[in-house]
Amino acid sequence: MNAVTKIDENVTTLEMESPAKPTAPVSVALAEKPEPAPRKKARRGGRFALMVALPLALAAAGTYVYVTGGRYEETENANLRQARITISSDTAGRVVTADIAENQVVKKGDLLFAIDPQPYRIALAQADAAVAAARLNVEQLRAAYNQAMAQERSAASEVDYSQSQYDRAADLANKGINTKSSLDEARNDLDKAKQQLAVAKQGIESAKAALGGDPDIETDKHPTVLAALAARDKAAYDLEQTTVQAPADGIIAQASSFKVGQFVGVGTPLFSLVETDDTWIDANFKETQLTHMKPGQKADVVLDTYPDKTFEATVQAVGAGTGAEFSLLPAQNATGNWVKVTQRIPVRLQLTDPDAKLALRTGMSATVTVDTGVSRGFPHFFSHAAAAE
């Protein structure tokens, strides 16, 4: 059977199964397809509606975000801060004990290091001896005052006696019984007695001044004794300062080179103590973000080290000026090529719920979001739109 015969048989079979169909060849009937013109018009209409609706939806969403926005001000230019204390010694000497290491955690009152106390013990003993000597000197001054008082009484008695002798000699001389020489001798003795009385009175004033103007002053209230007691307290204070304790809870830093045996001077920085109980956030906001920011507003803080943990904070204070104003070389913009740059102002936030389980370290980067409680609103939006027109 050849190919022509096979085609004729197939056509005959199809005509018998579908007598209602046209008698055209099968190959021609299969090649013809219905025109999809109505469907193309529907698709074009849907695309046009989508092209119009999408920009409108985006514009509506943008308008909503703008109108309801502006309440939360956010910045990533923020860092966690902790107080850092520079540890130094109030006394000079050689270190004999050092119970610290780099990055060691210490508690308030823990011993950090100790200086050789022997020279300061000797100085304290000398100060105690000086106090005893000052008290003894006051007793001697009081005895000198009493002696001056006795001399004054003796001189006053001698003046009375010499005065009576002179009066008697003058009476006899007037009667012609006594000679003129005897009268002159009595007058001379009276003058000497008066001079001795004057000297005795000056001695009393001198002894009284040595006692601070008060002969009945208490020994320990005398200026000399007070000075000796102050020197003794200073010696005792220096001895106490030979042991240096941690002023607060924290972590030791920059102590790698601090060793036993080195000599330290008064006020020389030795190492640092970072306080872990005093933690805050310094956030640098743009000046345009501070319009409605005030102390007391709530804020959320997220540290880069703990991205899944949100810390609650409160705005404590807004900086007194921009960072450029407090730099070592403030910018001078009085030139012809000045370009306006948005400045940043530091804002301090106090953490209200620091997690003691997390290791917070000074200098950590943070993201701060402050709730100002003020959004732009529709009046604000329309006023800006009218200004733009």
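Two strands are said to pair if DSSP finds at least two bridges between them. Helices (H or I, at least four residues) and strands (E, at least two) are DSSP runs, numbered from the N terminus. The model is a predicted one, in which local features need pLDDT of at least 70 and side-chain atom pairs count only at pLDDT 80 or more, while totals for chains, interfaces and linings use all residues. Residues are numbered from 1 along each chain as its sequence is written, and side-chain values use heavy atoms, with hydrogens and water left out.

**Confidence**

The predictor's confidence in each residue is given by pLDDT, on a scale from 0 to 100. For this protein the mean pLDDT is 82, and 80% of the residues reach 70 or more. The pLDDT is below 50 over residues 1-31, a stretch with four contacts in the model beyond near neighbours in sequence; a contact means heavy atoms within 4.5 Å. Residues 381-389 also have a pLDDT below 50, and this stretch has four contacts beyond near neighbours in sequence.

Strands of a sheet pair through backbone hydrogen bonds, either parallel or antiparallel. Here four strands form an open sheet in the order 5-4-2-7, with antiparallel pairing. Its edges are strand 5 (243-245) and strand 7 (263-264), each of which pairs on one side only.

Strand 2 (residues 93-98) is joined to strand 7 by two bridges, and Arg-94 has Phe-263 of strand 7 as its bridge partner. Three bridges join strand 2 to strand 4, and the two run antiparallel; Ala-98 stands opposite Phe-113 in strand 4. Strand 4 pairs in turn with strand 5 over three bridges, again in the antiparallel sense, with Leu-111 opposite Gln-245.

How many of the five residues of strand 4 are buried? Four of the five residues of strand 4 (residues 111-115) are buried, so this strand is largely enclosed by the rest of the structure. Buried means under 20% relative accessible area, exposed over 50%, and partly exposed in between (1.4 Å probe, protein chains only).

**Nonpolar cores**

A nonpolar core is a set of buried Ala, Val, Leu, Ile, Met, Phe, Trp, Tyr and Cys residues joined through side-chain atoms within 4.5 Å. The largest one has 23 residues, of which Ile-281, Phe-285, Val-301, Leu-303, Leu-349, Val-368 and Val-370 touch the most other members. At least two residues of this core come from each of strand 1 (72-87), strand 8 (271-286), strand 9 (298-303), strand 10, strand 11 (344-351) and strand 12 (365-371). Strand 11 supplies the largest share, four residues. Another core, of 16 residues, lies apart from it and includes Val-95, Val-106, Phe-113 and Val-264.

Leaving aside neighbours within four places in sequence, the contacts of Val-370 include Arg-71, Phe-285, Val-315 and Leu-349.

**Salt bridges**

A salt bridge is a side-chain nitrogen of Lys or Arg within 4 Å of a carboxyl oxygen of Asp or Glu. A search of the whole structure finds seven salt bridges, among them the following.

| Pair | N to O distance |
|---|---|
| Arg-71 and Asp-371 | 2.8 Å |
| Arg-142 and Glu-139 | 3.2 Å |
| Arg-348 and Asp-282 | 3.8 Å |

Arg-348 is partly exposed at 35% relative accessible area, and Asp-282 is partly exposed at 23%.

Arg-142 and Glu-139 are three residues apart in helix 4 (residues 118-175), so about one helical turn separates them. Arg-142 is buried, at 18%, whereas Glu-139 is partly exposed, at 38%.

**Two single residues**

Thr-314 is part of strand 10 (residues 310-318). With a relative accessible area of 16%, Thr-314 is buried. Not counting residues up to four places away in sequence, Thr-314 touches several residues, including Gly-296, Arg-348 and Leu-349.

Asn-284 belongs to strand 8 and, at 22% relative accessibility, is partly exposed. Beyond residues up to four places away in sequence, Asn-284 touches Thr-75, Asn-77, Arg-344, Ile-345 and Pro-346. Its C-alpha atom is separated by 9.8 Å from that of Val-318, which lies 34 residues apart along the chain.
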